[in-house]
Amino acid sequence: MAPKDESASQPIIIVGSGLAGYTLAREFRKLNQDSHLSIVTADDGVFYSKPMLSNALTAKKNAAQLAMKTPQQMEQELAATIISETSVSAIYPLKHRIKANQDYLHYSYLVLALGAEPVRLKLPGNASNAIYSVNDRIDYKRFQDAIVGQKHIAIIGDGLIACEFANDLLNQNYQVSIIGPGPKPLNRLLPTPAGDALKQALESIGAKWYLEKSVVSANHQADQISLGLSDGSEVVSDIVLSAVGLRPRTKLAEEAELEINRGIVCNPYMETSDRDIYALGDCAEIAGLNLPFVLPIMNGARTLAKTLAGERTRLTYPAMPIAVKTPALPIIVSPPAADAKGEWTIEHDGQNVKCLFENETGELLGFALTGSCCGEKQALSKLVPMVLA
Amino acid sequence: MRKWQCLVCGLIYDETLGMPDDGIAPGTRFEDIPDDWACPDCGVSKDDFELLEE
(Lines give C-alpha, C1' and ligand atoms only; values in the text may rest on other atoms or scores of the structure.)
Protein backbone atom coordinates (compact mmCIF):
# COMPACT_ATOMS: atom_id res chain seq x y z
CA MET A 1 0.00 0.00 0.00
CA ALA A 2 1.28 3.41 -0.90
CA PRO A 3 2.08 5.67 2.03
CA LYS A 4 0.20 8.95 2.06
CA ASP A 5 3.14 11.16 1.10
CA GLU A 6 3.29 9.36 -2.21
CA SER A 7 -0.01 10.86 -3.27
CA ALA A 8 1.98 13.32 -5.41
CA SER A 9 3.05 10.45 -7.66
CA GLN A 10 -0.56 9.43 -8.17
CA PRO A 11 -2.37 10.65 -11.27
CA ILE A 12 -4.44 13.76 -11.52
CA ILE A 13 -7.97 12.44 -11.94
CA ILE A 14 -10.63 14.35 -13.83
CA VAL A 15 -14.18 13.11 -13.31
CA GLY A 16 -16.22 13.85 -16.42
CA SER A 17 -15.51 13.79 -20.17
CA GLY A 18 -17.68 16.68 -21.32
CA LEU A 19 -16.37 19.93 -22.70
CA ALA A 20 -14.99 20.88 -19.27
CA GLY A 21 -13.09 17.68 -18.54
CA TYR A 22 -11.65 17.25 -22.01
CA THR A 23 -10.74 20.91 -22.49
CA LEU A 24 -8.93 20.91 -19.16
CA ALA A 25 -6.98 17.81 -20.18
CA ARG A 26 -6.04 19.37 -23.50
CA GLU A 27 -4.93 22.65 -21.89
CA PHE A 28 -3.01 20.81 -19.17
CA ARG A 29 -1.09 18.76 -21.72
CA LYS A 30 0.05 21.95 -23.44
CA LEU A 31 1.82 22.85 -20.19
CA ASN A 32 2.79 19.46 -18.80
CA GLN A 33 3.56 16.29 -20.76
CA ASP A 34 4.81 14.16 -17.87
CA SER A 35 2.24 13.89 -15.10
CA HIS A 36 -0.13 10.97 -15.17
CA LEU A 37 -3.65 11.95 -16.07
CA SER A 38 -6.80 9.83 -15.81
CA ILE A 39 -10.29 10.72 -16.88
CA VAL A 40 -13.15 8.79 -15.34
CA THR A 41 -16.49 9.14 -17.08
CA ALA A 42 -19.94 7.61 -16.75
CA ASP A 43 -20.35 8.38 -20.46
CA ASP A 44 -18.81 6.47 -23.38
CA GLY A 45 -15.87 8.91 -23.57
CA VAL A 46 -16.65 10.07 -27.09
CA PHE A 47 -15.75 13.73 -27.62
CA TYR A 48 -18.64 15.66 -29.11
CA SER A 49 -19.99 19.16 -29.11
CA LYS A 50 -22.83 19.56 -26.64
CA PRO A 51 -23.90 22.96 -28.00
CA MET A 52 -24.62 21.22 -31.30
CA LEU A 53 -27.31 19.00 -29.80
CA SER A 54 -29.86 21.80 -30.12
CA ASN A 55 -29.16 22.51 -33.78
CA ALA A 56 -28.12 19.08 -35.01
CA LEU A 57 -31.29 18.44 -37.03
CA THR A 58 -30.74 21.54 -39.16
CA ALA A 59 -27.05 20.65 -39.45
CA LYS A 60 -28.18 17.18 -40.62
CA LYS A 61 -26.19 15.36 -37.97
CA ASN A 62 -27.31 12.20 -36.23
CA ALA A 63 -25.88 11.04 -32.91
CA ALA A 64 -23.08 9.09 -34.59
CA GLN A 65 -22.11 12.05 -36.76
CA LEU A 66 -21.95 14.32 -33.74
CA ALA A 67 -19.05 12.27 -32.40
CA MET A 68 -15.89 14.22 -33.17
CA LYS A 69 -13.35 11.83 -31.63
CA THR A 70 -13.36 8.31 -30.23
CA PRO A 71 -12.14 7.66 -26.69
CA GLN A 72 -9.10 5.93 -28.22
CA GLN A 73 -8.22 9.08 -30.17
CA MET A 74 -8.67 11.14 -27.02
CA GLU A 75 -6.42 8.81 -25.00
CA GLN A 76 -3.71 9.18 -27.58
CA GLU A 77 -4.03 12.94 -28.01
CA LEU A 78 -4.18 13.64 -24.32
CA ALA A 79 -1.72 10.97 -23.20
CA ALA A 80 -4.34 10.09 -20.61
CA THR A 81 -6.04 6.97 -19.34
CA ILE A 82 -9.74 7.18 -20.07
CA ILE A 83 -11.92 5.02 -17.88
CA SER A 84 -15.33 5.12 -19.54
CA GLU A 85 -18.76 3.77 -18.60
CA THR A 86 -17.65 4.14 -15.01
CA SER A 87 -19.55 5.98 -12.33
CA VAL A 88 -17.78 7.52 -9.39
CA SER A 89 -19.84 6.74 -6.33
CA ALA A 90 -17.71 8.22 -3.56
CA ILE A 91 -14.79 10.54 -2.83
CA TYR A 92 -12.55 10.02 0.20
CA PRO A 93 -10.70 13.34 0.47
CA LEU A 94 -8.49 12.34 3.41
CA LYS A 95 -7.31 9.21 1.66
CA HIS A 96 -7.01 10.92 -1.72
CA ARG A 97 -9.07 8.31 -3.43
CA ILE A 98 -12.35 7.77 -5.21
CA LYS A 99 -14.55 4.76 -5.68
CA ALA A 100 -15.12 4.13 -9.38
CA ASN A 101 -17.43 1.19 -10.03
CA GLN A 102 -15.91 -1.44 -7.74
CA ASP A 103 -12.37 -0.06 -7.77
CA TYR A 104 -10.60 2.46 -5.59
CA LEU A 105 -8.44 4.93 -7.50
CA HIS A 106 -5.86 7.19 -5.87
CA TYR A 107 -5.33 10.75 -6.99
CA SER A 108 -2.85 13.54 -6.39
CA TYR A 109 -5.41 16.18 -7.36
CA LEU A 110 -9.03 15.58 -8.23
CA VAL A 111 -11.08 17.70 -10.62
CA LEU A 112 -14.86 17.48 -10.59
CA ALA A 113 -16.18 18.25 -14.06
CA LEU A 114 -19.50 16.55 -13.53
CA GLY A 115 -21.73 18.90 -15.49
CA ALA A 116 -25.36 19.58 -14.80
CA GLU A 117 -28.45 17.49 -15.28
CA PRO A 118 -31.79 18.50 -16.67
CA VAL A 119 -34.45 19.27 -14.11
CA ARG A 120 -37.09 16.58 -14.49
CA LEU A 121 -40.65 17.51 -13.77
CA LYS A 122 -42.59 15.06 -11.67
CA LEU A 123 -46.04 15.35 -13.16
CA PRO A 124 -49.18 13.54 -12.15
CA GLY A 125 -50.58 11.26 -14.86
CA ASN A 126 -49.43 8.12 -16.64
CA ALA A 127 -47.17 9.76 -19.24
CA SER A 128 -44.67 11.49 -16.99
CA ASN A 129 -42.03 8.90 -17.90
CA ALA A 130 -42.63 9.37 -21.63
CA ILE A 131 -41.24 12.92 -21.56
CA TYR A 132 -37.85 13.33 -23.22
CA SER A 133 -35.03 15.56 -22.20
CA VAL A 134 -31.81 15.96 -24.14
CA ASN A 135 -28.63 16.67 -22.25
CA ASP A 136 -26.08 14.41 -23.92
CA ARG A 137 -25.44 12.53 -27.13
CA ILE A 138 -27.15 9.36 -25.94
CA ASP A 139 -30.32 11.31 -24.97
CA TYR A 140 -30.18 12.95 -28.35
CA LYS A 141 -30.11 9.62 -30.16
CA ARG A 142 -33.17 8.46 -28.22
CA PHE A 143 -35.02 11.66 -29.03
CA GLN A 144 -34.03 11.67 -32.69
CA ASP A 145 -35.20 8.07 -33.10
CA ALA A 146 -38.49 8.89 -31.37
CA ILE A 147 -39.46 11.85 -33.53
CA VAL A 148 -39.11 10.02 -36.85
CA GLY A 149 -42.50 9.97 -38.56
CA GLN A 150 -44.12 12.14 -35.85
CA LYS A 151 -45.75 15.49 -36.52
CA HIS A 152 -46.34 17.51 -33.39
CA ILE A 153 -43.83 18.13 -30.62
CA ALA A 154 -44.59 19.96 -27.40
CA ILE A 155 -41.68 21.62 -25.63
CA ILE A 156 -41.92 22.39 -21.94
CA GLY A 157 -39.75 25.39 -21.11
CA ASP A 158 -39.18 28.84 -22.60
CA GLY A 159 -35.46 29.26 -21.96
CA LEU A 160 -32.43 29.11 -24.23
CA ILE A 161 -32.33 25.35 -24.82
CA ALA A 162 -36.10 25.18 -25.32
CA CYS A 163 -36.02 27.96 -27.94
CA GLU A 164 -33.04 26.45 -29.75
CA PHE A 165 -34.71 23.05 -29.96
CA ALA A 166 -37.97 24.68 -31.07
CA ASN A 167 -36.22 26.45 -33.93
CA ASP A 168 -34.37 23.30 -34.93
CA LEU A 169 -37.59 21.24 -35.01
CA LEU A 170 -39.52 23.96 -36.85
CA ASN A 171 -36.81 23.96 -39.51
CA GLN A 172 -37.65 20.29 -40.07
CA ASN A 173 -41.33 21.17 -40.48
CA TYR A 174 -42.52 19.74 -37.20
CA GLN A 175 -45.46 21.44 -35.52
CA VAL A 176 -44.08 22.85 -32.31
CA SER A 177 -45.96 24.03 -29.21
CA ILE A 178 -43.94 25.75 -26.51
CA ILE A 179 -45.23 25.94 -22.96
CA GLY A 180 -43.46 28.19 -20.46
CA PRO A 181 -43.98 30.23 -17.34
CA GLY A 182 -42.57 33.52 -18.61
CA PRO A 183 -44.47 36.37 -20.27
CA LYS A 184 -41.98 35.99 -23.14
CA PRO A 185 -39.21 33.56 -24.02
CA LEU A 186 -35.78 33.90 -22.39
CA ASN A 187 -37.37 36.05 -19.73
CA ARG A 188 -34.40 35.99 -17.36
CA LEU A 189 -31.90 36.78 -20.08
CA LEU A 190 -33.58 39.33 -22.35
CA PRO A 191 -35.36 42.66 -21.91
CA THR A 192 -38.98 42.62 -23.10
CA PRO A 193 -38.64 43.94 -26.69
CA ALA A 194 -35.91 41.41 -27.51
CA GLY A 195 -37.91 38.56 -25.99
CA ASP A 196 -41.00 39.66 -27.87
CA ALA A 197 -39.03 39.77 -31.12
CA LEU A 198 -37.91 36.17 -30.58
CA LYS A 199 -41.46 35.14 -29.76
CA GLN A 200 -42.70 36.64 -33.02
CA ALA A 201 -39.84 35.24 -35.07
CA LEU A 202 -40.53 31.68 -33.92
CA GLU A 203 -44.26 32.27 -34.37
CA SER A 204 -43.64 33.36 -37.96
CA ILE A 205 -42.11 29.96 -38.74
CA GLY A 206 -44.95 28.11 -37.03
CA ALA A 207 -44.37 27.97 -33.26
CA LYS A 208 -47.44 28.01 -31.08
CA TRP A 209 -46.80 29.62 -27.69
CA TYR A 210 -48.50 28.79 -24.40
CA LEU A 211 -46.88 31.41 -22.20
CA GLU A 212 -47.49 32.22 -18.55
CA LYS A 213 -48.65 28.65 -18.11
CA SER A 214 -47.19 25.62 -16.46
CA VAL A 215 -47.79 21.95 -17.10
CA VAL A 216 -49.76 20.24 -14.36
CA SER A 217 -50.31 16.74 -15.78
CA ALA A 218 -49.19 14.38 -18.54
CA ASN A 219 -51.37 11.54 -19.75
CA HIS A 220 -51.35 9.12 -22.64
CA GLN A 221 -54.25 9.68 -24.98
CA ALA A 222 -54.39 7.05 -27.74
CA ASP A 223 -50.96 7.31 -29.43
CA GLN A 224 -50.40 10.82 -28.18
CA ILE A 225 -49.69 12.66 -24.95
CA SER A 226 -52.01 15.19 -23.43
CA LEU A 227 -50.45 17.85 -21.25
CA GLY A 228 -52.80 19.57 -18.84
CA LEU A 229 -51.94 23.24 -18.33
CA SER A 230 -52.38 25.47 -15.30
CA ASP A 231 -55.22 27.44 -16.94
CA GLY A 232 -57.25 24.29 -17.52
CA SER A 233 -56.43 23.98 -21.22
CA GLU A 234 -54.51 21.08 -22.77
CA VAL A 235 -51.89 20.52 -25.43
CA VAL A 236 -52.00 17.20 -27.25
CA SER A 237 -48.85 16.18 -29.13
CA ASP A 238 -46.96 13.13 -30.37
CA ILE A 239 -43.78 13.77 -28.42
CA VAL A 240 -42.98 15.91 -25.38
CA LEU A 241 -39.54 17.39 -24.81
CA SER A 242 -38.74 18.97 -21.47
CA ALA A 243 -36.15 21.75 -21.31
CA VAL A 244 -37.00 23.49 -18.08
CA GLY A 245 -33.51 24.05 -16.78
CA LEU A 246 -30.31 22.52 -15.52
CA ARG A 247 -29.16 21.70 -12.03
CA PRO A 248 -25.46 21.37 -11.19
CA ARG A 249 -24.46 17.84 -10.24
CA THR A 250 -23.42 18.25 -6.61
CA LYS A 251 -24.43 15.00 -4.90
CA LEU A 252 -21.00 13.37 -5.05
CA ALA A 253 -19.31 16.44 -3.59
CA GLU A 254 -21.99 16.86 -0.97
CA GLU A 255 -21.58 13.28 0.21
CA ALA A 256 -17.85 13.91 0.53
CA GLU A 257 -18.77 16.87 2.74
CA LEU A 258 -17.45 19.48 0.37
CA GLU A 259 -19.16 22.85 0.58
CA ILE A 260 -22.20 23.14 -1.69
CA ASN A 261 -24.45 26.01 -2.58
CA ARG A 262 -26.17 26.08 -5.97
CA GLY A 263 -23.06 24.39 -7.37
CA ILE A 264 -19.91 22.99 -5.80
CA VAL A 265 -18.47 26.00 -4.01
CA CYS A 266 -15.03 27.11 -5.21
CA ASN A 267 -12.85 30.11 -4.49
CA PRO A 268 -11.47 32.14 -7.43
CA TYR A 269 -8.61 29.63 -7.64
CA MET A 270 -11.23 27.00 -8.42
CA GLU A 271 -10.41 25.14 -5.20
CA THR A 272 -13.30 23.48 -3.39
CA SER A 273 -13.38 23.38 0.39
CA ASP A 274 -10.81 20.56 0.09
CA ARG A 275 -7.52 22.00 -1.15
CA ASP A 276 -6.70 19.06 -3.43
CA ILE A 277 -10.10 18.95 -5.10
CA TYR A 278 -11.12 21.41 -7.79
CA ALA A 279 -14.37 21.90 -9.68
CA LEU A 280 -14.90 23.15 -13.22
CA GLY A 281 -17.78 23.82 -15.56
CA ASP A 282 -21.52 23.47 -15.08
CA CYS A 283 -21.19 21.73 -11.67
CA ALA A 284 -19.05 24.48 -10.16
CA GLU A 285 -19.93 27.71 -8.43
CA ILE A 286 -16.76 29.75 -8.65
CA ALA A 287 -16.57 33.02 -6.72
CA GLY A 288 -20.35 32.87 -6.43
CA LEU A 289 -20.94 32.32 -10.15
CA ASN A 290 -22.51 29.21 -11.66
CA LEU A 291 -22.46 29.88 -15.40
CA PRO A 292 -23.45 26.87 -17.51
CA PHE A 293 -22.16 28.18 -20.82
CA VAL A 294 -19.26 27.43 -23.15
CA LEU A 295 -17.00 30.42 -22.53
CA PRO A 296 -16.87 30.14 -18.72
CA ILE A 297 -15.81 26.51 -19.21
CA MET A 298 -13.04 27.45 -21.65
CA ASN A 299 -11.72 30.19 -19.36
CA GLY A 300 -11.94 27.94 -16.32
CA ALA A 301 -10.15 25.10 -18.07
CA ARG A 302 -7.22 27.32 -19.10
CA THR A 303 -6.85 28.74 -15.60
CA LEU A 304 -7.06 25.40 -13.84
CA ALA A 305 -4.59 23.86 -16.31
CA LYS A 306 -2.00 26.42 -15.17
CA THR A 307 -2.69 25.70 -11.53
CA LEU A 308 -2.39 21.95 -12.02
CA ALA A 309 0.85 22.50 -13.93
CA GLY A 310 2.27 24.22 -10.85
CA GLU A 311 1.41 27.90 -11.24
CA ARG A 312 -1.53 28.63 -8.92
CA THR A 313 -3.70 30.98 -10.96
CA ARG A 314 -6.72 33.06 -10.10
CA LEU A 315 -9.71 32.78 -12.45
CA THR A 316 -10.88 35.85 -14.30
CA TYR A 317 -13.77 36.01 -16.73
CA PRO A 318 -13.80 38.54 -19.55
CA ALA A 319 -17.13 39.66 -20.99
CA MET A 320 -18.67 36.46 -22.32
CA PRO A 321 -21.55 37.15 -24.70
CA ILE A 322 -23.92 34.23 -25.16
CA ALA A 323 -25.11 33.41 -28.67
CA VAL A 324 -28.62 31.97 -28.82
CA LYS A 325 -28.78 29.62 -31.80
CA THR A 326 -32.20 30.53 -33.12
CA PRO A 327 -31.65 31.12 -36.85
CA ALA A 328 -35.17 32.54 -37.17
CA LEU A 329 -33.79 35.46 -35.17
CA PRO A 330 -30.15 35.28 -34.04
CA ILE A 331 -29.58 36.70 -30.56
CA ILE A 332 -26.48 37.73 -28.67
CA VAL A 333 -26.70 38.68 -25.04
CA SER A 334 -24.16 39.79 -22.50
CA PRO A 335 -26.27 39.91 -19.34
CA PRO A 336 -25.48 42.56 -16.72
CA ALA A 337 -24.27 41.20 -13.38
CA ALA A 338 -27.06 40.13 -11.02
CA ASP A 339 -26.41 43.10 -8.71
CA ALA A 340 -25.75 45.68 -11.45
CA LYS A 341 -27.67 48.94 -11.11
CA GLY A 342 -28.78 50.68 -14.26
CA GLU A 343 -31.43 50.85 -16.92
CA TRP A 344 -32.11 49.41 -20.34
CA THR A 345 -32.32 51.70 -23.31
CA ILE A 346 -33.82 50.10 -26.35
CA GLU A 347 -33.75 50.85 -30.05
CA HIS A 348 -35.68 48.72 -32.46
CA ASP A 349 -36.44 48.40 -36.08
CA GLY A 350 -38.91 45.55 -36.52
CA GLN A 351 -37.25 42.36 -35.30
CA ASN A 352 -33.85 43.97 -35.02
CA VAL A 353 -33.46 45.11 -31.46
CA LYS A 354 -30.52 46.70 -29.69
CA CYS A 355 -30.74 46.87 -25.91
CA LEU A 356 -28.06 48.55 -23.82
CA PHE A 357 -27.89 48.36 -20.05
CA GLU A 358 -26.12 51.40 -18.67
CA ASN A 359 -25.53 52.83 -15.22
CA GLU A 360 -26.06 56.45 -14.13
CA THR A 361 -22.74 57.58 -15.52
CA GLY A 362 -23.40 55.98 -18.90
CA GLU A 363 -21.08 52.98 -18.52
CA LEU A 364 -22.25 49.98 -20.51
CA LEU A 365 -22.85 47.01 -18.17
CA GLY A 366 -24.64 44.62 -20.48
CA PHE A 367 -26.37 44.30 -23.83
CA ALA A 368 -28.77 42.21 -25.86
CA LEU A 369 -28.87 42.21 -29.66
CA THR A 370 -31.22 40.54 -32.10
CA GLY A 371 -31.24 40.06 -35.86
CA SER A 372 -29.06 42.44 -37.83
CA CYS A 373 -28.01 44.26 -34.63
CA CYS A 374 -25.88 41.18 -33.76
CA GLY A 375 -23.16 42.69 -35.95
CA GLU A 376 -22.38 45.12 -33.11
CA LYS A 377 -21.34 42.31 -30.80
CA GLN A 378 -17.59 42.72 -31.12
CA ALA A 379 -17.58 46.47 -30.60
CA LEU A 380 -19.92 46.28 -27.59
CA SER A 381 -18.09 43.33 -26.01
CA LYS A 382 -15.02 45.53 -25.69
CA LEU A 383 -17.02 48.07 -23.64
CA VAL A 384 -18.69 45.86 -21.04
CA PRO A 385 -16.88 45.08 -17.79
CA MET A 386 -15.24 41.77 -16.99
CA VAL A 387 -17.61 39.23 -15.47
CA LEU A 388 -15.01 38.27 -12.86
CA ALA A 389 -12.10 40.64 -12.40
CA MET B 1 -5.62 26.14 -48.71
CA ARG B 2 -6.71 24.37 -45.54
CA LYS B 3 -9.79 24.01 -43.35
CA TRP B 4 -9.94 24.40 -39.59
CA GLN B 5 -12.69 23.21 -37.28
CA CYS B 6 -13.92 24.67 -34.02
CA LEU B 7 -13.61 21.93 -31.41
CA VAL B 8 -16.52 23.32 -29.46
CA CYS B 9 -19.28 23.92 -31.99
CA GLY B 10 -17.99 22.25 -35.13
CA LEU B 11 -17.87 25.43 -37.24
CA ILE B 12 -15.45 25.12 -40.15
CA TYR B 13 -13.13 27.93 -41.21
CA ASP B 14 -12.21 27.42 -44.86
CA GLU B 15 -9.18 29.51 -45.80
CA THR B 16 -10.35 29.66 -49.42
CA LEU B 17 -13.64 31.29 -48.44
CA GLY B 18 -12.42 33.32 -45.48
CA MET B 19 -15.23 34.77 -43.39
CA PRO B 20 -16.26 38.01 -45.10
CA ASP B 21 -19.15 38.62 -42.66
CA ASP B 22 -16.58 38.64 -39.89
CA GLY B 23 -14.18 40.90 -41.77
CA ILE B 24 -11.84 38.11 -42.86
CA ALA B 25 -11.11 38.17 -46.58
CA PRO B 26 -11.19 35.03 -48.75
CA GLY B 27 -7.75 33.44 -48.89
CA THR B 28 -6.73 34.49 -45.37
CA ARG B 29 -4.53 31.84 -43.81
CA PHE B 30 -5.67 30.72 -40.38
CA GLU B 31 -2.44 31.92 -38.75
CA ASP B 32 -3.01 35.39 -40.24
CA ILE B 33 -6.37 35.84 -38.53
CA PRO B 34 -5.99 38.28 -35.59
CA ASP B 35 -5.41 36.52 -32.25
CA ASP B 36 -8.42 38.19 -30.67
CA TRP B 37 -10.76 36.74 -33.27
CA ALA B 38 -13.39 34.44 -31.81
CA CYS B 39 -15.52 31.69 -33.33
CA PRO B 40 -18.54 33.55 -34.72
CA ASP B 41 -20.89 30.77 -33.61
CA CYS B 42 -19.79 29.91 -30.10
CA GLY B 43 -17.25 32.57 -29.17
CA VAL B 44 -14.25 30.38 -28.34
CA SER B 45 -10.75 31.50 -29.28
CA LYS B 46 -8.48 30.61 -32.21
CA ASP B 47 -6.69 28.12 -29.94
CA ASP B 48 -9.81 26.01 -29.89
CA PHE B 49 -9.64 25.31 -33.61
CA GLU B 50 -7.94 22.30 -35.08
CA LEU B 51 -6.62 21.60 -38.57
CA LEU B 52 -9.00 19.33 -40.45
CA GLU B 53 -7.31 16.38 -42.10
CA GLU B 54 -8.63 15.98 -45.61
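**Close-up views of a predicted two-chain model**

**View 1. A salt bridge between Arg26(A) and Asp48(B).** In this predicted model, the side chains of Arg26(A) and Asp48(B) form a salt bridge, with 3.5 Å from N to O. Arg26(A) belongs to helix H1 (residues 19-31) of chain A, while Asp48(B) sits in the loop between S2 and S3 of chain B, so the pair joins two chains. Arg26(A) and Asp48(B) are both buried. Asp48(B) also meets the side chain of Arg302(A) in a salt bridge, at 2.5 Å from N to O.

View 2. Arg26(A), Glu27(A), Lys30(A), Arg302(A) and Asp48(B) are linked by salt bridges into a network. Glu27(A) and Lys30(A) are separated by about one helical turn, because they stand 3 residues apart in helix H1 of chain A. Glu27(A) is buried, with a relative accessible area of 7%, whereas Lys30(A), at 45% relative accessibility, counts as partly exposed.

**View 3. The interface of chain B and chain A.** Here 17 residues of chain B are in contact with 18 residues of chain A, and the area buried between the two chains is about 1200 Å², with carbon and sulfur atoms giving 51% of it. On the side of chain B, the residues that lose the most area to chain A are Leu7(B), Val8(B) and Asp48(B), which together account for 40% of what that side buries. Between chain B and chain A there are 3 salt bridges, and 4 residue pairs, with both residues at pLDDT 80 or more, are in polar contact across the interface. The residues on the side of chain B that touches chain A comprise 8 nonpolar, 4 polar and 5 charged.

**View 4. A salt bridge between Arg137(A) and Asp44(A).** The side chains of Arg137(A) and Asp44(A) meet in a salt bridge, at 2.9 Å from N to O. This pair links distant parts of the chain, 93 residues apart, with Arg137(A) in helix H4 of chain A and Asp44(A) in the loop between strand S2 (37-40) and strand S3 (47-48) of chain A. Both Arg137(A) and Asp44(A) are buried.

**View 5. An aromatic pair between two helices of chain A.** A search of the whole structure finds 12 aromatic pairs over all chains. One of them is the edge-to-face pair of Phe143(A) and Phe165(A), with 6.2 Å centre to centre and 80° between the planes. Phe143(A) lies in helix H4 (residues 137-147) and Phe165(A) in helix H5 (residues 160-171) of chain A, so the pair ties together parts that are 22 residues apart in sequence. Phe143(A) and Phe165(A) are both buried.

View 6. Tyr13(B) and Trp37(B) form an edge-to-face aromatic pair, at 6.1 Å centre to centre and with 65° between the planes. Tyr13(B) lies in strand S2 (residues 12-14) of chain B and Trp37(B) in the loop between S2 and strand S3 (49-51), so the pair ties together parts that are 24 residues apart in sequence. Tyr13(B) is buried, with a relative accessible area of 0%, and Trp37(B) counts as buried at 6% relative accessibility. One aromatic cluster is formed by Trp4(B), Tyr13(B), Phe30(B), Trp37(B) and Phe49(B).

**View 7. The surroundings of Glu15(B).** Glu15(B) lies in the loop between S2 and S3 of chain B and, at 2% relative accessibility, counts as buried. Leaving aside residues up to four places away in sequence, Glu15(B) touches several residues, among them Met1(B), Arg2(B), Trp4(B), Arg29(B) and Phe30(B).

Methods: Residues numbered from 1 in each chain as written. Chains lettered and ligands numbered in written order. Predicted model: local features only at pLDDT ≥ 70, side-chain atom pairs only at ≥ 80, totals over all residues. Heavy atoms only, no water. Contact = heavy atoms within 4.5 Å. Buried area = accessible area lost by both parts, 1.4 Å probe. Salt bridge = Lys/Arg side-chain N within 4 Å of Asp/Glu carboxyl O. Polar contact = N/O pair within 3.5 Å; in protein donor to acceptor, adjacent residues only side chain to side chain. Nonpolar A, V, L, I, M, F, W, Y, C, P; charged D, E, K, R; others polar. Phe/Tyr/Trp six-rings, centres within 6.5 Å; stacked < 30°, edge-to-face > 60°. Helix = DSSP H or I, 4+ residues; strand = E, 2+ residues; numbered from the N terminus. Buried < 20%, exposed > 50% of the residue type's maximum accessible area, 1.4 Å probe, protein only.
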